[in-house]
Amino acid sequence: MTSAIPPTTAVVLPGTGSDEVFVRSVFSGPLRALGIRLLAPPPPPGDRLADGFLEELDRLSGEHGPLLVGGISFGAHLSAEWASRNPGRCTGLLAALPAWNGPAGRAPASLAARLSADLVAENGVDGALAKSSDGVPEWLSAELGRAWRRHGDGLAASLRTAASRPAPALEDLAGLDVPAGIGACADDPIHPAEVARAWAAALPRAEVGESTLTALGADRESLGRATRLEERLVGTESRFRLSP
């Protein structure tokens, strides 16, 4: 089945305060099993986070041709934004844990990013990590510790950039006629599963898959498998699927 899948390049973007290391841990295995090459660019620094990623998608599309694009959380927002603006350069969408649609308002992920930015500005990265570790699962604390330190001095600005940027509106998603896989964690209050379901309902050719944060802690690829894609690819008779 997978041998019939044409070579495809996927570009997947990390979420706010995260990095390409986490993206690879989630998506490399599931995509490799389907013969899909993964490119995971590192986050641009500071307030260049959004514009830098969008420019990188432009560059990679020019280099590799039409792309399967995707992301986790804020990365999902940016990949969907780029895809809706560049439908001729997008072969499909993988959106894991979208956090809101349209203006951020009081979306939990936006509020959390603002609070984290304040903590970092007041206490530095290490001080903020120390204050943020209580009650956080060990795996998530380790992920934050690595990724936040890699962001360094630009972390607070990147968090604020993500917190204030509108996600694609549902009307914009409705015009994106490409295969789309949307992934949710049913027990994640920061990225409500209802948002993922709303994205999937708005997109013309989408499926939504669900996993849990508990599963993600034990197996990063569980989120990649939940963010499944099952539709006929444009210009092919093959189907490909990431399934839980």
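How many bridges join strand β4 (residues 90–96) to β5, and do they run parallel or antiparallel? Four bridges join them, and the two strands run parallel.

This is a predicted model, in which local features need pLDDT of at least 70, side-chain atom pairs count only at pLDDT 80 or more, and totals for chains, interfaces and linings use all residues. Residues are numbered from 1 along each chain as its sequence is written, and side-chain values use heavy atoms, with hydrogens and water left out.

**View 1. Strand β5 and its two partners.** Strands (E, at least two residues) and helices (H or I, at least four) are DSSP runs, numbered from the N terminus. Two strands pair if DSSP finds at least two bridges between them. Strands β5 and β6 (residues 206–211) pair in the parallel sense over six bridges. From β5 the chain crosses through helix α8 (residues 193–202) to β6, a right-handed β-α-β crossover (strands pointing away from the viewer, the path from the first strand over the helix to the second runs clockwise).

**View 2. Both faces of β5.** Six of the six residues of β5 (residues 180–185) are buried (under 20% relative accessible area; exposed is over 50%, partly exposed in between; 1.4 Å probe, protein chains only). Ala180, Ile182 and Ala184 lie on one side, Gly181, Gly183 and Cys185 on the other.

View 3. Four bridges join β1 (residues 8–13) to β2 (residues 36–39), in parallel. Threonine 9 has arginine 37 as its bridge partner in β2. The β-α-β crossover from β1 through helix α1 (residues 20–32) to β2 is right-handed. Strand β3 (residues 67–72) also pairs with β1 in the parallel sense, over four bridges. There, valine 11 stands opposite valine 69. Thr8, Ala10 and Val12 point one way from β1, Thr9, Val11 and Leu13 the other way, and all are buried.

**View 4. Helix α3.** Ten of the twelve residues of α3 (residues 74–85) are buried, including Phe74, His77, Glu81 and Trp82. The end C-alpha atoms are 17 Å apart, which agrees with the 16 Å that twelve residues should span at 1.5 Å a residue (the expected span is 1.5 Å times one less than the number of residues).
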